[in-house]
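Hello,

Here is the structure I promised to pass on to you. Please open it alongside this note, and then read on for what turned up in it.

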Amino acid sequence: MTRGTGELRRTGEELLLLATFLLSSGRGLPDEPPSYGPLRRLNAARRSLALATAAGITNQGLEYVRAELEDFTCGAMKDRDLKGFLDSLCARLARLLQEEGLIARD
């Protein structure tokens, strides 16, 4: 499938915005509450999965992981089991990458 120049440009712009987000997040870490760091990383993971989808990598499991990240990072702040949430998503994403053929193996 051929992607248009406009789509590639938009994906490139989103990557630049993500890089900017990561750098500015890193800069803010020394002055922010410790709980902000993991939340910023969750947001970066959510954005990365959205970019993968925009680049043509589609998978229902990945979309489910991205939606969970969206709910967690954009939802109401409340007491949540961050470690348990991360353990679950890390295991699920690793399983998807291994079992669904989402990453080309040379």
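Cys90 counts as exposed, at 51% relative accessibility; buried means under 20% relative accessible area, exposed over 50% and partly exposed in between, with a 1.4 Å probe and protein chains only. Cys74 has 49% and so counts as partly exposed.

Before going further, a word on the source: this is a predicted model, in which local features need pLDDT of at least 70 and side-chain atom pairs count only at pLDDT 80 or more, while totals for chains, interfaces and linings use all residues. Residues are numbered from 1 along each chain as its sequence is written, and side-chain values use heavy atoms, with hydrogens and water left out.

How many disulfides does a search of the whole structure find? It finds zero, a disulfide being a pair of cysteine sulfur atoms within 2.5 Å. The sulfur of Cys74 has its closest cysteine sulfur in Cys90, and because they are 18 Å apart, that is too far for a bond.

**The overall picture**

The chain has four helices and zero strands, running α-α-α-α from the N terminus on. Helices (H or I, at least four residues) and strands (E, at least two) are DSSP runs, numbered from the N terminus. The C-alpha trace spans about 45 × 30 × 30 Å along its principal axes. Of the 106 residues, 24% count as buried.

**The largest pocket**

The largest pocket holds about 180 Å³ of space. Its lining includes Leu42, Ala45, Ser48, Val65, Leu69, Leu86 and Leu93, and Cys90 is there too. Helix 2 (36-54), helix 3 (60-74) and helix 4 (82-99) are the elements that give two or more residues to this lining. Helix 2 gives the most, with five residues.

Some terms here need their cut-offs. On a 1 Å grid over the protein atoms alone, a pocket is an open set of points where a 1.4 Å probe fits, with protein on both sides within 12 Å along at least five of seven lines; lining residues have an atom within 4 Å of a point. The volume is the space filled by probe spheres set on the points, which are joined across faces, edges and corners.

By class, the lining has 10 nonpolar, one polar and no charged residues. Ala, Val, Leu, Ile, Met, Phe, Trp, Tyr, Cys and Pro count as nonpolar, Asp, Glu, Lys and Arg as charged, and the others, Gly among them, as polar.

**Aromatic rings**

A search of the whole structure finds one aromatic pair. The ring centres of Phe72 and Phe85 are 4.1 Å apart and their planes are at 10 degrees, so the pair is stacked. The pair links distant parts of the chain, with Phe72 in helix 3 and Phe85 in helix 4, 13 residues apart. Both Phe72 and Phe85 are buried. For the cut-offs, rings of Phe, Tyr and Trp (its six-membered ring) pair if their centres lie within 6.5 Å; planes under 30 degrees apart count as stacked, over 60 as edge-to-face and the rest as tilted.

Elsewhere, Arg47 lies over the face of Phe21, 4.9 Å from the ring centre. A charge sits over a ring if NZ of Lys or CZ of Arg is within 6 Å of the ring centre and within 35 degrees of the ring normal.

**Two more residues to look at**

Arg41, in helix 2, is exposed, with a relative accessible area of 53%. Tyr64 is found in helix 3 and is partly exposed, at 48%.

Happy exploring!
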